[in-house]
Amino acid sequence: MEMHGAPAERITQSMGFISSRSYFSRTNITRGELGILRYLDQCGTSSPSVLAEKFNVTTSRIANTLKPLEKKGYVRRDVNPDDHRGIIVTITPEGRVYGKERYQEAIAEVERRLSVLSSSERERLACLVEKLANGIADRDVIDAGLDRMP
């Protein structure tokens, strides 16, 4: 598969191709669901508003992502005992196991896909992707005006 055009165009085309064949396109868990399970596995509980902030999405998007997880028994939503207007989201033991298993499968899939690269190419790619992610995060902070002290 040969790509033509400027780097941004080639990257866009390649990422679209890769995404269409990703682990998430063939499983019954979304990237958002797995992200929430991983986050809750690390911190135990959270509120929908904290999850929305963490994943940079709306609270309604979080609610829509939590619904199937709750239906499958992977998370629980309870009224916050300290503030009866709020909700606390908790990962269940089943959700913890399911999330860890799906995460390991996703990592194994990426490792399998990266096998076409040499060890040094994989390391270089990891560094470039991390640099890109950090640059995007930094740009988001600047665009939001959070880089300026009050």
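**Stop one: a helix pair**

Select residues 31-43, helix H2, together with residues 93-114, helix H5: the two pack at an angle of about 120°, and their axes lie 9 Å apart. Here axes are lines fitted to C-alpha atoms over the stretch in contact, and angles run from 0 to 180 degrees between N-to-C directions. H2 and H5 are therefore oblique to each other; angles under 35 degrees count as roughly parallel, over 145 as roughly antiparallel, 65 to 115 as roughly perpendicular and the rest as oblique.

Now show side chains. On H2, pick Leu34, Leu37, Arg38, Leu40 and Asp41; on H5, pick Gly95, Arg96, Tyr98, Gly99, Lys100, Arg102 and Tyr103, which together make the contact (heavy atoms within 4.5 Å).

A note before moving on: this is a predicted model, where local features need pLDDT of at least 70, side-chain atom pairs count only at pLDDT 80 or more, and totals for chains, interfaces and linings use all residues. Residues are numbered from 1 along each chain as its sequence is written, and side-chain values use heavy atoms, leaving out hydrogens and water.

**Stop two: the cysteines**

Select cysteine 43, which is partly exposed at 37% relative accessible area, then cysteine 127, also partly exposed, at 35%.

**Stop three: the whole chain**

Zoom out and colour by secondary structure to see six helices and three strands. These are DSSP runs numbered from the N terminus: helices (H or I) of at least four residues, strands (E) of at least two. Of the 150 residues, 24% count as buried.

Key
Buried < 20%, exposed > 50% of the residue type's maximum accessible area, 1.4 Å probe, protein only.
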